[in-house]
Structures are given as structure tokens and as C-alpha cells.
Amino acid sequence: MFRTLAKATAAIAVVCTAAGAGLALDEGRAGAATPTAGAATPTAGAATRTASSAGASSAGSAFTGSDFTGTRKIRVDGHSVNVSCAGRAHRGRPLVMLMAGGGEGLDNMAALQKSLSRTNRVCSYDRLGEGASDQPAAGTLQTMDDTGALLTGVLDRLAGDRPVVLAGHSLGGYIAARYAPGHTDRVKGLVLLDATIPHLTRDMDRTIPADATGVPAQVRDGAIAANEGQNPEQFVIADGPVRSAGHIPVEILKHESQYAEVPEYGPALEKMWADGQREWQRISARSSLTTAKGSGHYIHTDRPDLALKAVQKVAHRAAHQH
């Protein structure tokens with residue numbers, strides 16, 4: 001999650017993985033255009049990006065996704081993208097792609113990657129604006145067209161023709177859930193770890209009134225600003241309906257408690273978040289929603305056992321579905 005707001009509250013963090021940066025009001029990115037969250041304008045060239053846009057890796061053109069362990073840079077659509085992989089590729093088993101929350105480098109999910117690598121081929125990557133990957137173009141906004149094209153290029157390089165399971169936390173979960181329905185030829189399973197909810201701007205507007213003050217106002221205004229692109233990825237987190245990905249296995253984990261810092265609106269915010277997680281269940285006829293007991297927003301840190309179990313379960317089902 002974005003860390004530009006110094007320890008504002010844990011509540012601000014879970015409202016949206018991007019909320020902290022939103023409260024910083026696009027720090028360091030003055031002048032960027034700001035559309036409404038529901039009316040994203042694709043960055044120039046996004047519509048022309050295809051799977052063939054993945055370029056050569058910095059390690060050479062012979063580099064493939066199954067022959068290295070560790071962190072490397074690859075070229076995707078002219079961008080340098082930081083990736084990390086571990087574990088052996090097994091015949092018939094999917095590649096597990098971990099997707100961190102906003103403001104987080106791939107190191108944030110390194111412990112989960114290490115655990116998964118004992119039985120799976122597992123990779124992670126830094127999106128543009130995160131970690132050691134390139135920054136997005138100055139003065140532009142990224143949309144799902146852009147971040148989806150980048151993910152396609154990364155998967156082309158690291159997975160090839162192998163099936164894929166996407167496992168995303170917070171904003172990474174939101175991106176995975178938006179991406180999967182249009183790529184069911186490749187994405188065969190999904191794990192959402194307290195994913196940013198499908199209609200955060202709408203639901204935040206309904207839950208905390210515009211005349212709120214103090215921390216509640218920061219939570220509301222920060223989430224909405226971040227959704228409009230005031231975040232390190234310059235990514236518009238648009239509201240929208242949940243599209244179906246058919247019958248792929250989907251495990252959804254939600255936090256147990258995260259809003260103690262906003263007592264006046266805490267129960268309403270918890271209901272908002274829980275309702276949003278139930279919305280994500282519509283993504284598949286084989287989806288399951290579980291509350292991670294004893295967990296805050298960082299489920300893979302607070303309850304690594306549950307996160308590991310969920311990914312292993314989906315990877316197993318993806319390998320054996322017909």
C-alpha cells in the first residue's frame with residue numbers, strides 16, 4: 001500500500017491500497033490530469049499494445065521464464081520491468097503470479113513466494129511506478145488497458161503457454177480480478193487477498209458523508225483522490241461491475257478487522273468492505289469467500305498460513321480442471 005501518508009491510520013490503508021498516496025495529493029506528480037474514477041481515459045497507445053509487445057530481457061534474448069531463480073529486469077513494451085521467480089516448473093502445473101498492493105514492491109510478497117516455491121513455479125513483478133520497474137510516462141494516467149497490457153507482456157515472458165494462477169493483494173487483487181475475465185484462455189485460477197473492492201468510489205461516497213471532518217474526511221478524500229490516479233502508479237482505479245471469468249477456481253480472503261481508528265464510521269466501513277468482497281464472488285461460479293481470522297489488511301503477513309493454503313488450493317484445482 002502507499003506509504004506517503006505517515007502512519008495516518010490503519011483504516012486509511014485498508015480503504016484502498018492507494019489511499020495513503022491519495023492523501024498526499026499526488027506528491028511529486030503535480031500537473032497530472034485527473035478524470036473521475038468512473039471515466040478513465042486510456043494512456044496514448046494502450047489500445048495498440050498486444051502480447052507481442054514484450055521485448056528482449058536485459059539478460060539476453062535467450063532468457064525464458066523457466067530458467068532462472070532470483071530477480072531480473074525484462075523489457076516489456078519498451079519498459080524495464082523488475083521480476084522475481086523461484087521454484088521448479090512442473091508439467092501440468094500453472095505458474096503462480098503474485099501481485100502486490102499499490103505502493104509495494106515485489107519484496108512485500110517475498111515470504112509467500114518462498115513458501116510457494118517449494119511446490120510451485122512462482123513469480124512476481126513490480127508494476128510501472130512501483131519497486132525497481134520504470135516509472136509511467138509523466139503527466140499521463142494508466143488504466144486497466146495499460147496495466148493489463150503490461151501484465152500480458154510479463155506473462156508472455158515468464159509463463160509462455162503455461163496456465164496461470166493470479167494471486168493479488170489489495171490493488172494487486174483488484175487488477176487480477178479485472179484482468180482474469182478477459183484472459184480465461186490463460187488465467188485458470190484466482191486468489192484475492194483483501195482485494196480493493198469493485199465500487200470503492202461509489203461506496204466510500206455513500207459511507208462517509210462529504211461534510212465529514214478529521215480522520216474520516218482523510219479516509220474518504222484520500223481514497224477518492226487515489227482512485228482518480230493520484231498514486232505512484234498514476235493508475236485510475238475505476239468503479240465497475242464484476243465480469244464473469246466462467247468457472248475458474250477463485251479463493252477470496254478478507255480481513256477480520258481494520259477500522260478501529262475510525263470508530264464513528266468503523267462498522268459502516270467494515271460492512272462496505274465485506275459487501276465489496278461478496279461482489280467479487282460473482283467473478284466465478286466456483287468462488288469461495290473466507291474471513292481470515294486475526295488478520296488486518298495484510299493477510300499474507302498476518303495469516304501466511306491461510307494465504308499459502310488458498311494459493312495452493314487454487315493451483316491444485318487449476319492443474320486438474322478439465
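Trainee: How many aromatic pairs are there?

Mentor: This is a predicted model. Ring centres must lie within 6.5 Å for rings of Phe, Tyr and Trp to pair. By this rule, the number of aromatic pairs is two.

Trainee: Is the pair of Tyr174 and Phe235 stacked or edge-to-face?

Mentor: A pair of aromatic rings is described by the distance of the centres and the angle of the planes. For Tyr174 and Phe235 the centres are 6.3 Å apart and the planes stand at 70 degrees. Planes over 60 degrees apart count as edge-to-face, so the pair of Tyr174 and Phe235 is edge-to-face.

Trainee: How many residues apart in the chain are Tyr174 and Phe235?

Mentor: Tyr174 belongs to helix H5, while Phe235 is in the loop between helix H7 (214–227) and S7. The pair therefore links distant parts of the chain, and the separation is 61 residues.

Trainee: What is the angle between the ring planes of Tyr174 and Trp280?

Mentor: Tyr174 and Trp280 form an aromatic pair with 6.3 Å from centre to centre. The pair is edge-to-face, and the angle between the planes is 75 degrees.

Trainee: Which helix holds Trp280?

Mentor: The pair of Tyr174 and Trp280 links distant parts of the chain, 106 residues apart. Tyr174 is in helix H5, and Trp280 is in helix H8.

Trainee: Is Tyr174 buried or exposed?

Mentor: Buried means under 20% relative accessible area. Phe235 has 0% relative accessibility and counts as buried, and Trp280 at 0% counts as buried too. Tyr174 has a relative accessible area of 2%, so Tyr174 is buried.

Trainee: Which residues form one aromatic cluster?

Mentor: Tyr174 pairs with Phe235. Tyr174 also forms an aromatic pair with Trp280. The cluster consists of Tyr174, Phe235 and Trp280.

Trainee: Which residue lies over the face of Phe68?

Mentor: A charge sits over a ring if NZ of Lys or CZ of Arg is within 6 Å of the ring centre and within 35 degrees of the ring normal. Here the distance from the ring centre is 5.6 Å, and the residue over the face of Phe68 is Arg121.

Trainee: How many residues of strand S7 are buried?

Mentor: Both faces of S7 are covered. On one side Pro249, Glu251 and Leu253 are buried, and on the other Val250, Ile252 and Lys254 are buried. Strand S7 (residues 249–254) is largely enclosed by the rest of the structure because the number of its residues that are buried is six of the six.

Trainee: Which residue in S7 is the bridge partner of Leu192?

Mentor: S6 and S7 pair in the parallel sense over four bridges. In S7, the bridge partner of Leu192 is Ile252.

Trainee: Which residue in S8 stands opposite Leu253?

Mentor: S7 pairs with strand S8 (residues 286–291) in the parallel sense, over six bridges. Opposite Leu253, the residue in S8 is Thr290.

Trainee: What is the handedness of the crossover from S7 to S8?

Mentor: From S7 the chain crosses through H8 to S8. This is a β-α-β crossover, and its handedness is right-handed.

Trainee: How many residues apart in sequence are the parts that Arg186 and Asp156 tie together?

Mentor: The salt bridge between Arg186 and Asp156 has its closest N and O atoms 2.8 Å apart. Arg186 lies in the loop between helix H5 (171–179) and strand S6 (187–193), and Asp156 lies in helix H4 (residues 144–158), so the parts tied together are 30 residues apart.

Trainee: What separates Arg278 and Asp275 in helix H8?

Mentor: The side chains of Arg278 and Asp275 meet in a salt bridge at 2.3 Å, N to O. Arg278 is partly exposed at 42% relative accessibility, and Asp275 is partly exposed at 27%. The two are three residues apart in helix H8 (residues 266–280), so their separation is about one helical turn.

Trainee: How many salt bridges does a search of the whole structure find?

Mentor: Another of the salt bridges joins the side chains of Arg303 and Asp305, at 2.7 Å from N to O. Across the whole structure, the number of salt bridges found is ten.

Key: Residues numbered from 1 in each chain as written. Predicted model: local features only at pLDDT ≥ 70, side-chain atom pairs only at ≥ 80, totals over all residues. Heavy atoms only, no water. Salt bridge = Lys/Arg side-chain N within 4 Å of Asp/Glu carboxyl O. Buried < 20%, exposed > 50% of the residue type's maximum accessible area, 1.4 Å probe, protein only. Pairing = 2+ DSSP bridges. Right-handed = clockwise from strand over helix to strand, strands pointing away. Phe/Tyr/Trp six-rings, centres within 6.5 Å; stacked < 30°, edge-to-face > 60°.
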